[in-house]
Amino acid sequence: MSQPEYTTAQATALTNHDRKPIHRPGSIQPHGVLLALSTQLEILQVSNNTQAYLGKEPEDLLGKPLSDLLNSLQVETVKQCLVKKIGSANAFKVLINTLHGERYFDAIAHRTEQAVILELEPTDSKSELSFLSFHSLAGEVIAKMQSTSNLIEFLHLVAEEVQKIIGFDRVMVYQFDQSEAGSVVAEVKREDLSPYLGLHYPATDIPAQARELYTRCFLRFLPDLTVEPVKLVPTENPTTHQHIDLSYCLLRSFDWCCAEYHQNMGVKALLVISIIQEQKLWGLISCHHQTPKYISYEVRKMCEFLGQIVSSELAHKISHSEWDYKVKLKSLQSEFLESISQADNFIDALIKPEIRLLDLVSASGAAVCLDNEITLVGTTPNIDEVRALIEWADTQVSDNLFSTDSLPKLYPEALRFKDTASGLLLLRISKVRRYYILWFRPEVLQTVHWAGNPQESIQTKADGSHTLSPRKSFEQWQETVRLTSLPWKACELDSAIALNNAIVGIVLSKADELAKINLELERSNQELASFAYAASHDLKEPLRGIYNFSTVLLEDYGQLLDDEGIECLQTVVSLSVRMETLINALLRLSQLGQAHLREQATNLNELLTQVIEVFRASRQDSGLMDIRIPRPLPTVQCDRVLVNEVFSNLLSNAFKYNDKADQWVEIGYLDEGLATRDWRLGKSFLNPIPNPQSPIPNPQSPIFYIRDNGIGIPQHHLETIFRLFKRLHSQEKYGGGAGAGLAIVKKIVELHNGKIWVESTLGVGSMFYFTLE
């Protein structure tokens with residue numbers, strides 16, 4: 001059977017086995033008696049061995065009150081179970097008169113959802129085990145456990161001490177891994193037995209339903225695996241008409257598969273103690289004996305108590321062994337997060353120096369993905385492989401944190417880069433945008449020593465279905481495990497989560513800061529626009545006075561002035577005209593800052609016809625103007641008045657800054673697909689390569705252009721020409737002007753959420769582009 005076939009068959013067999021109600025077997029082990037009682041303590045069911053132990057047939061007990069069997073004090077002790085939580089037991093000694101005389105029993109009572117269960121195990125001990133006696137037995141063992149700090153030494157000590165208490169041939173500490181398979185991590189045994197230390201066992205050896213029972217019941221005792229179970233009478237509970245739940249019963253019978261499995265190992269008696277960590281089954285103390293062996297209830301309770309001490313101490317031993325590593329990670333986190341919070345560039349803070357990002361989870365490589373921008377750090381798959389992996393994660397990974405130590409088994413394409421990324425830890429920073437951090441670990445070949453071939457536990461029936469079957473051989477069997485990395489530790493996952501929480505906190509903090517700054521800027525801009533409008537408006541009145549009085553002086557008192565005085569007054573008049581032009585420009589720009597667009601469907605051909613007519617009417621040399629429109633312009637949503645101003649300014653500048661004998665201007669637009677293609681290919685009408693500062697246009701919007709054969713613009717001025725009052729020539733050249741036209745054009749375009757830019761070659765001409773979103 002191939003590995004994929006085995007994995008599928010294993011899953012099917014485990015599913016089928018886990019459907020078996022092993023907690024409701026309808027029978028018990030024969031070394032004791034069970035009575036199922038109603039909440040009124042009436043006997044509803046008994047095990048079919050009451051005659052041997054109590055001297056009464058089942059029929060003599062069914063339907064009778066418990067008081068027929070026990071005295072009033074003992075009945076009251078059983079009754080106390082009704083107010084306890086499910087699984088919590090009352091244990092006491094009882095003396096019962098039987099046909100064979102008086103007989104002592106260990107009585108253990110607990111309740112289920114529908115009944116009270118009383119188990120009776122015969123005992124030679126007539127008195128309860130006192131606390132002092134219990135402490136003297138267990139105290140020394142606990143002291144030894146607490147004095148050992150090394151985890152492996154601690155587990156070996158546990159196995160040693162348990163064997164001393166119960167005298168079994170073999171005691172092992174068995175640890176589960178993430179896949180629910182397990183391995184023997186400590187062992188004490190009889191010298192002639194084969195060692196199991198270091199051997200691995202598949203998950204099928206202890207299926208999920210059995211593991212769940214071990215989580216609830218901390219001790220399981222099977223003194224003789226060769227005996228036949230004893231049925232309950234009646235088989236079904238008369239109240240519920242179902243097999244009664246025996247989850248917490250000490251006498252609950254065992255599954256035939258469990259018996260055959262252990263008998264194939266040569267085991268006849270079994271004691272299992274659960275080791276619990278954080279309410280999960282960490283492992284088992286598994287005790288084997290080659291012959292049937294009975295252990296008293298008191299000794300078993302001491303073993304159960306020691307199991308709880310082991311669980312408690314284990315947390316300390318594990319935390320102690322991992323403490324230094326966790327401290328290192330915490331230190332890295334603090335340093336890392338502080339640098340991120342203070343950095344201006346988020347990506348630089350993450351990857352420089354790169355070792356911090358990798359050390360945060362002990363990875364060999366990482367990829368930081370912010371939308372389509374991917375930055376690689378350390379040893380990683382290439383960009384295309386990482387991008388494909390993220391595409392897979394988008395559809396297959398729903399959690400914000402995902403980890404695997406065998407990526408190729410989940411994502412077959414990862415076989416190509418198993419040497420760098422057999423292990424993956426993925427952190428999704430944002431669900432709205434594609435923000436990820438991926439950490440990678442390389443493949444690590446491992447030789448696993450199994451206790452027998454694990455595939456033998458899966459049997460295929462004639463109909464093709466799969467079932468669990470006890471393995472026959474437990475001889476060491478080697479397997480080379482490929483396509484796996486070192487597993488990710490819980491503290492490493494915690495470190496990734498801490499990073500995510502910190503990033504979210506930093507982003508929210510930065511967003512809050514930016515919101516405050518934007519609010520202040522918006523208020524300042526409004527105040528500045530209001531001031532500019534008020535100032536420019538109020539300045540016009542005194543300016544008119546200066547102009548008018550200067551003109552009056554020239555006209556009426558010119559004869560009283562000499563040539564120098566007249567020249568000064570003419571300069572005042574000229575400067576007042578110049579200043580009025582500047583104030584008008586400032587006033588217009590401030591008006592635009594407070595303007596609200598009145599967008600409507602606008603036929604640009606009609607609008608351009610009006611612009612050209614007004615332009616020609618204002619120019620005496622209009623007959624020399626060559627205005628070319630290669631094809632009709634589209635209809636767009638815009639503010640008709642403002643866009644008219646855009647075309648007017650650009651058309652005026654095109655002819656104004658032109659010293660050619662044959663002047664021409666071309667007005668047109670680029671198709672969406674053509675525009676995007678040309679920008680991607682670096683094509684341009686004027687230059688082989690567009691201005692690198694030019695924005696890549698939105699492919700959804702047409703790009704309008706006005707092209708001329710004028711004087712051109714130097715490259716270093718291509719950005720500055722859109723500034724207010726920016727002139728490239730002296731006032732006397734090219735008809736003067738305030739230097740505000742392009743600033744106004746830029747403002748109007750930005751009001752439409754568009755962009756404007758220019759390409760130019762000195763002596764050849766210029767081409768202005770703009771979009772209207």
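Visitor: Is F176 buried or exposed, and what is its relative accessible area?
Guide: This is a predicted model, in which local features need pLDDT of at least 70, side-chain atom pairs count only at pLDDT 80 or more, and totals for chains, interfaces and linings use all residues. Residues are numbered from 1 along each chain as its sequence is written, and side-chain values use heavy atoms, with hydrogens and water left out. Buried means under 20% relative accessible area, exposed over 50% and partly exposed in between (1.4 Å probe, protein chains only). F176 is buried, and its relative accessible area is 9%.

Visitor: Which kind of aromatic pair do Y174 and F176 form?
Guide: Rings of Phe, Tyr and Trp (its six-membered ring) pair if their centres lie within 6.5 Å; planes under 30 degrees apart count as stacked, over 60 as edge-to-face and the rest as tilted. By this rule there are 10 aromatic pairs. Y174 and F176 are 5.3 Å apart, centre to centre, with 85° between the planes, and this pair is edge-to-face.

Visitor: How many residues apart in sequence are the parts tied together by W392 and Y411?
Guide: The rings of W392 and Y411 make a tilted pair, 5.0 Å centre to centre and 35° between the planes. W392 lies in helix α12 (residues 383-396), and Y411 in the loop between α13 (407-410) and α14 (418-421). Helices (H or I, at least four residues) and strands (E, at least two) are DSSP runs, numbered from the N terminus. The pair therefore ties together parts whose separation in sequence is 19 residues.

Visitor: Over which ring does the charged end of R441 sit?
Guide: A charge sits over a ring if NZ of Lys or CZ of Arg is within 6 Å of the ring centre and within 35 degrees of the ring normal. R631 has its charged end over the ring of Y669, 3.9 Å from the centre. For R441 the distance is 3.8 Å, and the ring is that of W488.

Visitor: Which residues does A363 contact beyond its neighbours within four places in sequence?
Guide: A363 is found in the loop between α11 (354-359) and β14. It is buried, with a relative accessible area of 13%. A363 and E492 are 129 residues apart in sequence, yet 9.7 Å apart in space, C-alpha to C-alpha. Contact means heavy atoms within 4.5 Å, and the partners of A363 are L358, W439, F440, R441 and W488.

Visitor: Which residue of β18 stands opposite A367?
Guide: β14 (residues 365-370) and β18 (residues 435-441) run antiparallel, and six bridges join them. Opposite A367 stands L438.

Visitor: Which are the edge strands of the seven-stranded open sheet?
Guide: The order runs β1-β11-β3-β2-β6-β5-β4, and the pairing is antiparallel. Each edge strand pairs on one side only; they are β1 (27-28) and β4 (90-98).

Visitor: Which residue in β3 does L35 stand opposite?
Guide: Strands β2 (residues 33-37) and β3 (residues 43-47) run antiparallel and are joined by three bridges. Opposite L35 stands V46.

Visitor: Which residue takes a positive phi in the hairpin of β28 and β29?
Guide: Strand β28 (residues 756-761) is mostly covered, with five of its six residues buried. Six bridges join β28 to strand β29 (residues 765-770), and the two run antiparallel. W757 stands opposite Y769 in β29. Three residues lie between the strands, and the positive phi, near 80°, belongs to G763.

Visitor: Which residues of helix α20 are buried?
Guide: Helix α20 covers residues 741-751, and N753, with a positive phi near 60°, follows. The buried residues of α20 are L742, A743, I744, V745, I748 and V749.

Visitor: What share of the contacts with a separation of 6 or more joins residues 24 or more positions apart?
Guide: The chain has 20 helices and 29 strands. Of its 773 residues, 46% are buried. Among contacts with a separation of 6 or more, the share from residues 24 or more positions apart is 67%.

Technical notes:
Two strands pair if DSSP finds at least two bridges between them.
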